[in-house]
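Visitor: Could you walk me through this protein in plain words?
Guide: Gladly, and we can go topic by topic.

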Amino acid sequence: MKPISLIQFLIEERRAGHINAELTLLIEVVARACKRIAVATNKGAIGGVLGEAGTGNIQGEAQKKLDVISNEILLEANAWGGQLAACASEEMEDPQPIPDMYPKGNHLLLFDPLDGSSNIDVNISVGTIFSVLRCPDGISEPKAEHFLQPGATQLAAGYVVYGPATVLVLTFGYGTHEFTLDREVGSFTLSRRGIRIPEETAEFAINMSNQRHWEAPMQRYIGELLAGKDGPRGKDFNMRWVASMVADVHRIITRGGVFFYPLDAKIKSKGGKLRLMYEANPMAWIVEQAGGAATTGRERILDLQPAGLHQRVPVFLGSKNEVDVATHYHLQADNAQY
Ligand code: FDP
């Protein structure tokens, strides 16, 4: 079969009425920026891009040089294209307006420019996560409040994993599709169309070092998985934790599994670890579009009404049956309390 390039796929999606011309171009621009991030990431130590930037982001986390470089690449690539009204990023407190010298469009772009960046110095996969929203009508200078739309209203969501291969995974609400970067040709090529996550799995991902801080229903759920064949679940489970959300989600998209970053006593006051607008929402939509499920342990992630640009939430996502069991345990425990 003849390879299908990303641009060819996007044009077909446009002809099918799934996206408009502006969104077609916007995704092409984001993908091009991600190719530049892939080049920077691939250079590693000889590119002078490893290590700390010596600054902190608005979440109070130390920034890596590549966090800053990736953020700049995405901002620069998207500023002039004419499809955006504003951008928001994990690395910036407030949305970045489109400079006056460039035309403005009707879309809002949110991104985590380099997810899993604590893995970059040890040569483990990292990635970019992005989400596209519509700019509310009549708003020419969008502020943070204009980005606060539930995940269910996203127009596009995607991530890129910079791993042994650079892979882009994308949804517009018509299935989840994967493109692999052909480095020689320089273009993303369709590698999987209409990805399906198996409903059943025996593989889970969680940072077990937080176990003692979890809520009781999470302790119960993971305790039952660990009990294996002899426990109430009657089967053995295996564990994987890359500590790059993009890589863990990509494994789930590829062979099933379930990923948890639950609430725990250490992060309770923050609401969770992962960010709703540019991590949980795009990943939740990508996973749902592949037949999986995504909740906070209590509610569907895509139904949440965001309260802040950098809001954090607990994340349970992946193979449907396991997300359902873990969510059910939390709701059951909540009901028993009242
Ligand atoms: P990182 O802080 O390195 O960017 O986005 C947050 C994130 O990584 C996820 O990619 C990853 O799943 C998680 O945090 C790792 O958390 P732990 O440090 O608790 O393992």
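Visitor: How many salt bridges are there?
Guide: The count comes to 18 salt bridges, where a salt bridge is a side-chain nitrogen of Lys or Arg within 4 Å of a carboxyl oxygen of Asp or Glu. This is a predicted model, in which local features need pLDDT of at least 70, side-chain atom pairs count only at pLDDT 80 or more, and totals for chains, interfaces and linings use all residues. Residues are numbered from 1 along each chain as its sequence is written, and side-chain values use heavy atoms, with hydrogens and water left out.

Visitor: Which side chain does arginine 251 meet in a salt bridge?
Guide: Arginine 251 pairs with glutamate 203, at 3.7 Å from N to O. Arginine 251 lies in helix α6 (residues 245–255) and glutamate 203 in strand β11 (residues 203–205), so the pair ties together parts that are 48 residues apart in sequence. Helices (H or I, at least four residues) and strands (E, at least two) are DSSP runs, numbered from the N terminus.

Visitor: New topic: which residues does the UniProt "binding site" annotation cover?
Guide: In an unreviewed entry, UniProt gives that annotation to Glu90, Asp112 and Leu114, although such annotations may be inferred rather than shown by experiment. They are spread over 25 residues of sequence, yet they cluster in space, with a largest C-alpha distance of 9.1 Å.

Visitor: And where is aspartate 112?
Guide: Aspartate 112 is in strand β5.

Visitor: What about serine 117 and lysine 266, where are they found?
Guide: Serine 117 is in the loop between β5 (107–115) and β6 (126–134), while lysine 266 is in the loop between β13 (258–261) and β14 (274–275).
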